[in-house]
Amino acid sequence: MQRTLALVAMGLISFPALADRMPIPADAPPAFKAECGSCHLAFPPALLSADDWRRVMGGLDKHYGDNATLDEKTRRPIEDFLIRNAGSGRRTMGAGVPPRLTFTDWFRHKHDEVPAAVWKDKQVGSAANCAACHPRAEAGSFSEREIRMPGGYRHEHD
Amino acid sequence: MKHVIPLALLATCGFAAAETPRQIADGYAATQAAGFQPSAQRGGEFYSRKFGVSEKMPACAACHTEQPAQSGRHAITGKDIKPLAPVANADRFTDPAKVEKWFTRNCKEVVGRECSTAEKADFVAFLMEKR
């Protein structure tokens with residue numbers, strides 16, 4: 001019982017922090033940031049499940065409308081790293097096929113207050129362009145205080 | 001001592017990897033018949049050509065813009081892309097492995113096939129002159 005309570009408490013404490021701060025785990029291979037962070041943010045591995053990452057890394061020649069082929073000696077350690085640090089449970093549910101972390105129930109819930117006009121803004125371009133509204137996304141920081149939406153929309157606190 | 005040789009190799013590789021855009025263009029040109037000269041004009045024509053293979057990336061300019069000395073934007077994700085022209089971004093065309101990686105990916109995606117070494121030589125020559 002105590003153990004359960006402790007786990008629940010840990011969950012409550014860590015959940016908001018986890019949502020705000022998602023730095024790249026320290027065991028990332030050197031190629032991770034360069035290879036996965038050129039065309040989009042080097043996404044936090046915890047936002048997709050291990051099966052999703054296997055699917056993503058198994059089809060890099062057709063990567064969401066772009067060719068992202070890697071040689072095997074670069075690809076393999078990145079896949080292993082993503083699987084080691086993959087998420088599970090509710091956070092990764094709903095990603096679909098091909099998996100998109102912007103389709104998960106969690107992501108949609110987190111962004112349900114964002115006006116349609118912001119998503120359509122040219123500065124945003126796609127939901128994968130985290131840095132358009134989260135200026136410190138590259139540093140793994142997604143704090144609500146830092147949100148700057150194009151067009152001057154303000155984030156309203158609950 | 002066991003580690004000295006791999007370290008020395010690593011250091012050598014690191015040193016060998018840094019080149020100038022000129023060296024990279026010449027490296028591609030060297031695979032051509034004698035007398036081949038990289039042409040900025042041909043490279044510019046190639047850069048602006050609408051291949052129309054990929055819907056969102058019909059041409060180089062789809063992401064790198066018609067002004068490659070300025071920042072570009074990824075046509076799908078919207079992420080900023082640093083300028084492609086060395087005049088605005090000194091890191092461009094200095095790492096042969098990186099240059100090859102991007103030619104391989106982007107040629108297949110945008111041109112619909114691998115680019116020839118002659119096309120690569122011309123492409124680098126064009127960007128070297130771009131101001």
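From the N terminus on, the elements of chain B follow the order α-α-α-α-β-β-α-α, that is, 6 helices and 2 strands (DSSP runs numbered from the N terminus, helices being H or I of at least four residues and strands E of at least two). The structure is a predicted model, in which local features need pLDDT of at least 70 and side-chain atom pairs count only at pLDDT 80 or more, while totals for chains, interfaces and linings use all residues. Residues are numbered from 1 along each chain as its sequence is written, chains are lettered from A in the order in which they are written, and side-chain values use heavy atoms, without hydrogens and water.

Of the 131 residues in chain B, 41% are buried (under 20% relative accessible area, with a 1.4 Å probe and protein chains only). Helix α6 of chain B, residues 117-129, spans 19 Å from its first C-alpha to its last, close to the 18 Å expected at 1.5 Å a residue (1.5 Å times one less than the number of residues). In α6(B), 11 of the 13 residues are buried, among them Ala118(B), Phe123(B) and Met128(B). The cover over these buried residues includes α2, α3 and α5 of chain B.

Leaving out residues up to four places away in sequence, Phe103(B) touches Tyr28(B), Lys108(B), Lys120(B), Phe123(B) and Val124(B) (heavy atoms within 4.5 Å).

Terms used: Buried < 20%, exposed > 50% of the residue type's maximum accessible area, 1.4 Å probe, protein only.
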